[in-house]
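Here is a friendly walk through one protein chain, in questions and answers. Keep the picture in view as you read.

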Amino acid sequence: MEKLVERYFAALREVAALQQADKPVAADTGGPAPVEDAAAKIDTLAGIDHNNTTALATAEQHAPLSAWFAARQIEARFDYALVDTSGFFDDAAKMLGEGYELYAELIDRVRFAYRKSHGWVNLELANLSQKDAQAINTLCRQLYSHTFFSRYHYQKPEKIVRLTLQTAPAVRQFFDGGWLEWYAFIELLTQLRQRGRAASCARSVKVVFPNEDLHELDVIALPEGQAPICIECKSGEFRRDIDKYLRLRKRLGVDRSRFIICATDLNEEQAAGLTTMYELTFVTLGSLGKHLNALIKA
């Protein structure tokens, strides 16, 4: 089955090359550009904007992962729409992840408000430096422009940001931890693209083992010629789940370096210590990209 997966990637490259060679040069009619060949988009990430594409949300793109699981008698259930980056979830997640130290309180306040069924959040910025206050206010305005909040108002004299929460379930799920999955997924795509590595990737994959045990994998990719990379994303308490992840990693047969726990509550020293203690790899938001880069180029 692994040989078939390798042949699948090779065939995609060959088909894409042949189709590209056969394409006539079209005259510029002023209309929309034709949709690029799906095989070329699946084969590498070099030809697409991975931050704004529907090319990954197909059965064909998920096929190598499906075959990898099937070879181990594991049923994988995919929701293809979860890797559609044409919306704003990935953009918002990147902003939150890259500035997490500053935006952590905002995320916690919004998540708490949702859980308590509150409809609004007020952020007092007067005690922050001008630079930090401006950054938080700008982020809130950007999130509002992308409909993550239904209302935004800034009281300049008091330096208070007033936010009315969006009632859409997808936005609530985003603030309840989905943003971290999106951040990890986009970071993984970025590293794959930079290394020129073809891969099959997915989010929130439900896997069913032969004994009918059901588990969910937050982010997973199968780089061509390599074993899968699994990323479990934890924006809250994770210590009680360590044993569960240990068992899951062993059942999947994935090396400890390729089964990653990305936790927002860890610093670099804590992540290194836990990686030493357990047969898992713990990373912070800041070290995720560096670790993925080392895996993909290996």
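Q: How many helices and strands does the secondary structure of the protein chain come to?
A: This is a predicted model, and its secondary structure can be counted along the chain. The protein chain comes to ten helices and nine strands.

Q: What is the mean pLDDT of the protein chain?
A: Over residues 15-43 pLDDT stays under 50. Where pLDDT is low, the predicted coordinates should not be read in detail. Across the protein chain, 84% of the residues reach 70 or more, and the mean pLDDT is 87.

Q: What share of the contacts with a separation of 6 or more is between residues 24 or more positions apart?
A: Contacts can link parts of the chain that are separated in sequence. Among those in the protein chain with a separation of 6 or more, the share from residues 24 or more positions apart is 65%.

Q: Why do the buried residues of H8 line one face of the helix?
A: Helix H8 spans residues 242-252, and its buried residues are Ile242, Tyr245, Leu246, Leu248, Arg249 and Leu252. An α-helix has 3.6 residues a turn, so residues three or four places apart point the same way. Seen down the axis of H8, the buried residues line one face because they fall within an arc of 170°.

Q: Which strands are included in what covers the buried residues of H8?
A: The cover includes one helix you can look for, H3 (59-71). Strands are included too: E6 (214-223), E7 (229-234), E8 (259-263) and E9 (281-283).

Q: Which residue stands opposite Ile260 in E8?
A: E7 and E8 run parallel and are joined by five bridges. With H8, these two strands make a right-handed β-α-β unit. The residue opposite Ile260 is Ile231.

Q: Which residue in E9 stands opposite Cys262?
A: E8 also pairs with E9, in the parallel sense over three bridges. Together with helix H9 (residues 268-277), E8 and E9 make a right-handed β-α-β unit. Opposite Cys262 stands Val283.

Definitions and conventions: Residues are numbered from 1 along each chain as its sequence is written. This is a predicted model: local features need pLDDT of at least 70, side-chain atom pairs count only at pLDDT 80 or more; totals for chains, interfaces and linings use all residues. Side-chain values use heavy atoms; hydrogens and water are left out. Helices (H or I, at least four residues) and strands (E, at least two) are DSSP runs, numbered from the N terminus. Contact means heavy atoms within 4.5 Å. pLDDT is the predictor's confidence in each residue, from 0 to 100. Buried means under 20% relative accessible area, exposed over 50%, partly exposed in between (1.4 Å probe, protein chains only). The arc is that of the directions from the helix axis to the C-beta atoms. Two strands pair if DSSP finds at least two bridges between them. A crossover is right-handed if, with the strands pointing away from the viewer, the path from the first strand over the helix to the second runs clockwise.
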